[in-house]
Amino acid sequence: MTERPHRTTARIDPPDIDATAPARPALRVVHQPSGIDLAAAEAAAGQFLSALGISTDSESLRGTPGRMARAYAELFSPRAFDLTTFPNDEGYDELVLARRIPVRSVCEHHLLPFVGTAHVGYLPGARILGLSKLARVVEHFACRPQVQERLTKQVADWLQTQLEPKGVGVVIEAEHSCMTLRGVQATGCSTMTSTMLGLLRSDARSRSEFLALTGAAS
C-alpha cells in the first residue's frame, strides 16, 4: 500500500477591505490523515507483538492489537476547529500569552510519546485571536509523528501567516520517553525549544519580556 503524506487544509478568507466590512468568517482548520484503516492497523500490531515474542492468546492481551491501533489513530487525529479572530478595535499592542498549554505528541523516530507544555504568545496587529485557539493550534500540529524542533516552528510560522501579528513567540518544554525510558534512560531530562518571529525576534525588550513571562529566561 502506498503511503500518502498528511495534509492540512484550511479555508483562507479574503483580507478586510475597510472597517465597515462584514465580520470575517472563521477559518476552518482540518488535519486530514491519508486514510486510517483500523483493521489493517490491528492486524499489523498483532504481527508486531508476535515478532517480539509476545503472545496475544491470553484473555488480557487478546484485545491489545486493537487497542494499540485505536490509541495511535487517536494520537494522530487532531480535532478540527475554527480559527476565530476579531478586530483589534482598541489597538491593543501589548503581549498576549497563553502559558502551560499541554503538549502531547509522538516522536517520529521511535513512535514513543513526548509530553510537556507550550507557551505561545503574540503581539497583535489588526486582529486578535480567540484565546482557546492558541491551544488548538498546538494540538493541531502535535497530533502527528513529530520532532519538537519542527513542532515549535510550525506553530509559530502558522500563526504568523494566518494572524499577521507584529510578532510571535513559541517555547515548548517536553520530556521524551525515547530518551527517558530507553537508550540513555535520562529520567527527568527535559528538552526546550523556541521560535521567535517579528518583533519578538528583532526587538530585545519584547523578546526579554516574552521569555521572562514564560519562565524560559530563568
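**View 1. Helix 1 and helix 2 cross in a right-handed manner.** A crossing counts as right-handed if the near helix is turned clockwise from the far one by less than a right angle, and as left-handed if anticlockwise. This is a predicted model, in which local features need pLDDT of at least 70 and side-chain atom pairs count only at pLDDT 80 or more, while totals for chains, interfaces and linings use all residues. Residues are numbered from 1 along each chain as its sequence is written, and side-chain values use heavy atoms, with hydrogens and water left out.

Here helix 1 (residues 38-51) packs against helix 2 (residues 64-75) at an angle of about 120°, their axes 8 Å apart. The two helices are therefore oblique to each other (under 35 degrees is roughly parallel, over 145 roughly antiparallel, 65 to 115 roughly perpendicular, and the rest oblique).

**View 2. Residues of helix 1 meet those of helix 2.** From helix 1 come L38, A41, E42, A45, G46, F48 and L49, and from helix 2 T64, P65, G66, M68, A69, R70 and A73; contact means heavy atoms within 4.5 Å. Nine of the contact residues are nonpolar, three polar and two charged.

**View 3. Strand 5 and strand 6 form a hairpin.** Strand 5 (residues 96-107) pairs with strand 6 (residues 113-123) in the antiparallel sense over nine bridges; pairing requires at least two DSSP bridges. Look for V103 opposite G116 in strand 6. Five residues lie between the strands, and L111 has a positive phi near 55°.

**View 4. Strand 6 also runs antiparallel to strand 9.** Ten bridges join strand 6 to strand 9 (residues 167-176). Here H119 stands opposite V171 in strand 9.

How values were computed. Axes fitted to C-alpha atoms, helices over the stretch in contact; angles between N-to-C directions. Helix = DSSP H or I, 4+ residues; strand = E, 2+ residues; numbered from the N terminus. Nonpolar A, V, L, I, M, F, W, Y, C, P; charged D, E, K, R; others polar.
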